Amino acid sequence: MPEDAALLDDRPGWGIASEWRAPAAAAAGAALIVWIAPLVLGAFAANVLTRSMLYATLAVTVDLLWGFTGILTFGQAAFFGVGAYATAMTMTSIGSTPAWMAAALALAIVVPMVLGLVVGWLSFYPGSTPLYASVISLVFPIVVTQLVYSGGLLTGSSSGLVGYDTLPLELEGFFRLSGIVMIAVTLAAWVFVRSDAGKLLVAVRDNDVRCAYLGISTKRIQIILMVALAGVAGFTGFIFAHASGVVAPENTGFLFGTQLVIWVALGGRGSLIGSVCAAVAIDYLSASLSGDLPFLWQLVLGAAFVIIIIFLPDGIAGLARTASLAISGSLRQTRVSRVTVAVPRTAADRRATLLKVSGLARSFGSLSVLENINLEIRPGELVSIVGPNGAGKTTLIRCLSDGSEPFKGVVEIAGQSIRGLTPDSVVALGVGRKFQVASIFESLTVAECLRLARTTSETPSGIGSAPILSLPVASVEILRLTGLIDLTGSPAGLLSHGMKQALELAMVLALEPRLILLDEPTAGLTNTERATIGAVLRHLTEEAGYAIILVEHDLDFVREISSRIVVLHQGRLVLDGAVDDVVNSEMVRTIYSGGGHV
Amino acid sequence: MLLLLDILTTAAILFVVSVGLLAIFGVLKIINFAHGAWLTIGAYCAVVAVKMGLNPWAGLPIAFVVGALLGGIAELLIIRPLYRRPLDAILATWGLGIVIGQLITLEFGRDVQLIPNLMSGTIRVLSVDYSVYRLFVLLAALVIGALFALTIEGTRLGLAARAVIMNETLARSLGIDTDRVRLVIFMIGAGLAALAGVLLTPLTSVDPNMGVAWLIGAFMLVMVADTSYLALAAACIVFGGVQVLVSTFVSPVLGGISIAVLAALVLRINSRGFSRA
């Protein structure tokens, strides 16, 4: 490995400070406006806008869940309502001394978070679908609303709670408080989604399977996000209960939840600022216009919503982005991290068996795809699996990397059975898997994709982007050989087919796995690229002591780089031996010339 | 006996209300959140029919035709561009529901509409007096279910629809005009929703937002039933039964949410719901 690999890219990494300057200035400006505005506005406008800004805060949480992470949720309304009711109920039924006020604040945050944990547990589990999460988010506010209705005096039933003591802030004070909360939450969200940890949200939305096979538990991220944002919504509900002096069942309901989604859709999902502006503008206009044209206004809003969803999925903010792009003619400048070589993990013990498969069988209904597979692989081996289409190669790879597959028999990685383990836990045992069709994060840059692959070894920052991206030597080598090293700032979705394959391989190698599963890693690559990748793979096994299982069709390529070849035919392992023995065997010729059923 | 009749008729009402949604979800894989609006459209068709001096029963065929025609327009304009974005389709159809609700409000006002009952009185079943109309709905559910089954199992359209449900790409490559199958199925689903709207008129108040109350229950039942109408029938009986029992013996409020909660739990345990049974 060449020494200069350490400094491949000398573009400077940008520090956190300069990144924060523009949004901090904007937030300060907005805060100033919020401070002055109540002096100018009339009582009606100030009242309505206080509410609108709290709703806008909720819209930010919906945008984080839906726009960034892809979880379409109607549930934020219920967390907000629970926070508001927790506050009003404490004030009404217990007392409003400062101590109880503080208790109400704590309850308004903690109770929604606990409920968020329950909702999150129900919504996200291995194999759950986005639609199912939306279903739960729909049921949750309905349940909360019904409980409020049946709460009798405690919740005020259908008339809600009113006339409890509130914080001693006048209209002005509540306006400013709501405004500051809105600005603070928006700014925090803005900083977070641009940080390394924030990229995890987009990664989960783009490709949750790839996340799992990078050792990232998508379920955990989704639940943590849901719990945190439930807390934010509850806090917003606390302020709302004080500012408005009344809480009603509508504040918890599913209809309010759909309203939040409509605002975010109109403003632009994934834009934060667009969602905030849309929420404030539409809620304020709704309040102002509802006297004159109540039904017409709702009609226009509904129609605009349908049209935006169909034709402008990115909302008004997306339109603005496209327009500004057309005018300035350039993409926003992307920060490029400097790539360095990471300190390698300790070398693997070469003698122990790394992978042990015994009696593995997998069937789909009555169709038996794999039968009685026995296989052992030690560190330093490069074992190729060959066989015609439909022989069960990809199914075998899946059984080795996903313990939740209902296979029979035993698969052990370094002595530990993977049965029941989800892919992210199998990855933690030291397995990396590259898919047949390149599986990357289309809307992130090359550097961001690679950084995500390092999530398990380096906890990503939640407030900024690290200026240095340290990768294992093998990853850097792949980047160099394919020229990807010069494209670290490009969106991965725009790469060529071959480049995507190389990027995925570099991501898998960035995990520093002990056992690497490669499903046709060189498909779609040129002969030169193929040869260089072959050299890297050989180096990984022979020098660095990794083990590789390679699924490949190209027998010449296999012959060049393998240390052992396994032949799979009709779900059975029919040959397992040294390269020349297998390649020259009668059986391989028969199978590949389309003949024999063995 | 009363309880048994309540359970059966409740299940029948649920089936009638959700079968149109099931047809659309099964073939198009899209949740039609405007389903509630189509129930409302159907009910207002009955209102208009009565205002025009027609027999209230005339509302049934009128609602089916109007519902299907409007459904066809909605499919072409709104659903078709969103096939590849199912979550967005939920939102767009929800928006469509808002638009329809407001249009109806602009035309008819927000007030509850009164229309003569299709049938009134009670009949003695074994030992109890029971509403004739609820028993009629039970019959209607059986008829609709039977016609639905005949269409799915016995016609070319049903065959094509089943092919699309199983493997759309393959169906298209075999020369089935999948776009047309979707259009026709969406029209049938919308027509059935409007028909259900008419059948609901004696059971619930008719106002521009009447559909929303039924939407969630229907939606949850369809999620549990996946694509099978038999599973839907089973789900209606089981969940309808639980709803009646909880409402009777525990509290009507808990009864109201029992379908949604149970369905969510069933899906959490087994994501294919009742369709595997």
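Which residue stands opposite A:Lys408 in S7(A)? The answer is in point 2. The model is predicted.

1. **Strands S4 and S7.** Start with strand S4 of chain A, residues 355–364, and strand S7 of chain A, residues 408–413. They run antiparallel. Five bridges join them.

2. **The opposite residue.** A:Ala361 stands opposite A:Lys408 in S7(A).

3. S7(A) and S8(A) form a hairpin, with two residues between them. In the turn, A:Ala414 has a positive phi of about 50°.

4. **The six-stranded sheet.** Another part of chain A holds an open sheet of six strands. Their order is S9-S11-S12-S6-S13-S14, and the pairing is mixed. Strands S9 (431–434) and S14 (572–577) of chain A each have a single partner strand, so one side of each is left without a neighbour in the sheet. Neighbouring strands of this sheet are turned by 15° against each other on average, direction ignored.

5. Strand S13 of chain A, residues 564–569, pairs with S14(A). The sense is antiparallel, over five bridges. A:Val566 stands opposite A:Asp576 in S14(A).

6. **Helices on the sheet.** Helix H14 of chain A, residues 393–401, lies across S6, S9, S11, S12 and S13 of chain A. H14(A) runs at about 150° to S11(A). Helix H18 of chain A, residues 497–510, packs on the sheet as well, touching S9 and S11 of chain A. The direction of H18(A) makes about 175° with that of S9(A).

7. **A helix pair.** Helices H3 (residues 76–94) and H4 (residues 98–123) of chain A pack at an angle of about 145°. Their axes are 8 Å apart. The crossing is right-handed. Among the contact residues are A:Phe79 and A:Met91 of H3(A), and A:Trp100 and A:Leu107 of H4(A). The contact divides into 13 nonpolar residues, four polar and no charged.

8. **Where the chains meet.** Now look between the chains. In chain B, 29 residues are in contact with 29 residues of chain A. Helices H4 (86–108), H9 (210–225) and H11 (252–269) of chain B each supply at least two residues of that side of chain B. H4(B) gives the most, with 14 residues. The side of chain B that touches chain A has 21 nonpolar residues, six polar and two charged.

Notes:
Residues numbered from 1 in each chain as written. Chains lettered and ligands numbered in written order. Predicted model: local features only at pLDDT ≥ 70, side-chain atom pairs only at ≥ 80, totals over all residues. Pairing = 2+ DSSP bridges. Helix = DSSP H or I, 4+ residues; strand = E, 2+ residues; numbered from the N terminus. Axes fitted to C-alpha atoms, helices over the stretch in contact; angles between N-to-C directions. Contact = placed C-beta atoms within 7 Å. Nonpolar A, V, L, I, M, F, W, Y, C, P; charged D, E, K, R; others polar. Left-handed = near helix turned anticlockwise from the far one by under 90°.
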